[in-house]
Amino acid sequence: MDQTRTFQFCGLTFNVGNMISGLIVAAIVLGFVYFCSRKIQMKPTGKQNLLEYMIDFTNGIVKSTMPSGATKDYGLWAFTLFFFILVSNQLGLFLHIEVGGIVYVKSPTADPIVAMSFALMSMLIAQFSSVQKLGYKGHFETYLQPIPYLLPINLMEEFTNFLTLGIRVYGNIFAGELLAGLIAKMAFSHGIATLAISAPLEMAWMAFSVFIGCIQAYVFVTLSCVYVSQKLSIEE
């Protein structure tokens with residue numbers, strides 16, 4: 001694990017590296033959307049086309065996993081979640097700042113606290129959506145389907161969904177950055193010979209890591225939508 005700097009505030013521990021990395025990701029996402037949404041036209045071109053393609057892509061995830069009409073309520077959430085996790089997964093591949101052995105900038109999702117926080121947020125949205133649509137009684141009944149005796153298993157399923165959702169993205173991104181760092185160290189370990197071997201290997205692994213980061217963002221948002229969708233109706 002990377003060494004990190006932390007501080008205490010109101011009894012809580014804050015990770016400086018995660019805060020800086022998260023702010024950078026938020027700035028990139030906000031800047032991209034702001035840049036692409038200037039001078040909107042009825043007939044989109046260039047950067048507006050790119051933004052609309054991404055919105056259509058995440059709306060497609062919502063439409064394929066949730067009841068009809070859910071895009072109006074969950075489209076913005078899915079788009080924001082996908083774009084933020086996508087940039088979070090890639091940040092450490094292109095920008096890694098380490099000073100005095102302490103990491104200040106890396107991929108936020110390479111930290112289990114950040115990844116599990118995203119997973120917890122998705123599960124809480126699923127719970128809130130269920131209560132909002134079905135009421136507290138109807139929400140509780142979703143745990144008694146198809147038969148009441150399955151209540152313990154349904155509760156356990158909620159916990160495992162939370163764990164797997166966060167650990168999946170964390171494990172993939174952390175492992176990708178760890179291997180990329182090892183290849184980089186190997187490149188300078190024995191001069192020109194290891195550099196010649198490691199350079200193409202590093203480029204190939206970076207390309208593969210970008211692909212994995214995109215897939216993990218897609219999987220995370222898709223599963224989040226599925227978990228929300230499962231809470232919006234009671235099985236007959």
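Let's start with Cys10, which counts as exposed because its relative accessibility is 68%, and exposed here means over 50%. This is a predicted model, by the way, so please keep that in mind throughout. Cys10 sits in the loop between β1, residues 6-9, and β2, residues 12-15. What is its phi? About 55 degrees, a positive value, although Cys10 is not a glycine. For background, most residues other than glycine have a negative phi.

Now let's step back to the whole chain. How many helices and strands does the protein chain have? The secondary structure comes to 6 helices and 4 strands. The C-alpha atoms fill a box of roughly 65 × 50 × 40 Å along the principal axes. There are 236 residues in the chain, and buried ones make up 41% of them. Looking at contacts with a separation of 6 or more, 68% are between residues 24 or more positions apart.

A word on annotation. UniProt, in an unreviewed entry, places the feature "transmembrane region" at residues 12-35, 74-93, 113-131, 178-199 and 205-228. Take two of those spans in the model. Residues 205-228 are 100% helix, with end C-alpha atoms 34 Å apart. Residues 178-199 are 82% helix and 0% strand, and their end C-alpha atoms lie 16 Å apart.

On to how the helices pack. Helix α1, residues 16-36, and helix α2, residues 46-65, have axes that come within 8 Å and cross at roughly 120 degrees. That angle is why α1 is described as oblique to α2. Who makes the contact? From α1 we have Phe32, Val33, Phe35 and Cys36, and from α2 we have Lys47, Gln48, Leu50, Leu51 and Met54. By class, that is 7 nonpolar, 1 polar and 1 charged residues.

Also in helix α2 is Asn49. Asn49 counts as partly exposed because its relative accessibility is 37%. Between Asn49 and Cys36 there are 8.5 Å in space, C-alpha to C-alpha, and the two are 13 residues apart in sequence.

The next pair is α5 and α6. Their axes come within 9 Å and cross at roughly 170 degrees, so α5 is roughly antiparallel to α6. Their contact has 17 nonpolar, 10 polar and 2 charged residues.

Let's go inside. Which residues of the largest nonpolar core touch the most other members? Met66, Tyr74, Phe220 and Cys225 do, out of 44 residues in that core. At least two core residues come from each of α1, α2, α3, β4 (102-105), α4 (112-141), α5 (151-187) and α6 (192-230). The largest share, 11 residues, comes from α3.

Setting aside neighbours within four places in sequence, Phe220 is in contact with Leu81, Ile85, Phe118, Ala119, Ser122, Leu165 and Val169.

Finally, have a look at Gln90 in helix α3, residues 71-94. Is Gln90 buried or exposed? Its relative accessibility is 11%, so Gln90 counts as buried, given that buried means under 20%. And what does Gln90 touch? Ser107, Ser209, Val210, Gly213 and Cys214, once residues up to four places away in sequence are left out.

How values were computed. Residues numbered from 1 in each chain as written. Predicted model: local features only at pLDDT ≥ 70, side-chain atom pairs only at ≥ 80, totals over all residues. Heavy atoms only, no water. UniProt positions renumbered as here; feature names shortened; annotations may be inferred. Axes fitted to C-alpha atoms, helices over the stretch in contact; angles between N-to-C directions. Parallel < 35°, antiparallel > 145°, perpendicular 65-115°, else oblique. Contact = heavy atoms within 4.5 Å. Nonpolar A, V, L, I, M, F, W, Y, C, P; charged D, E, K, R; others polar. Buried < 20%, exposed > 50% of the residue type's maximum accessible area, 1.4 Å probe, protein only. Core = buried A, V, L, I, M, F, W, Y, C linked by side-chain atoms within 4.5 Å.
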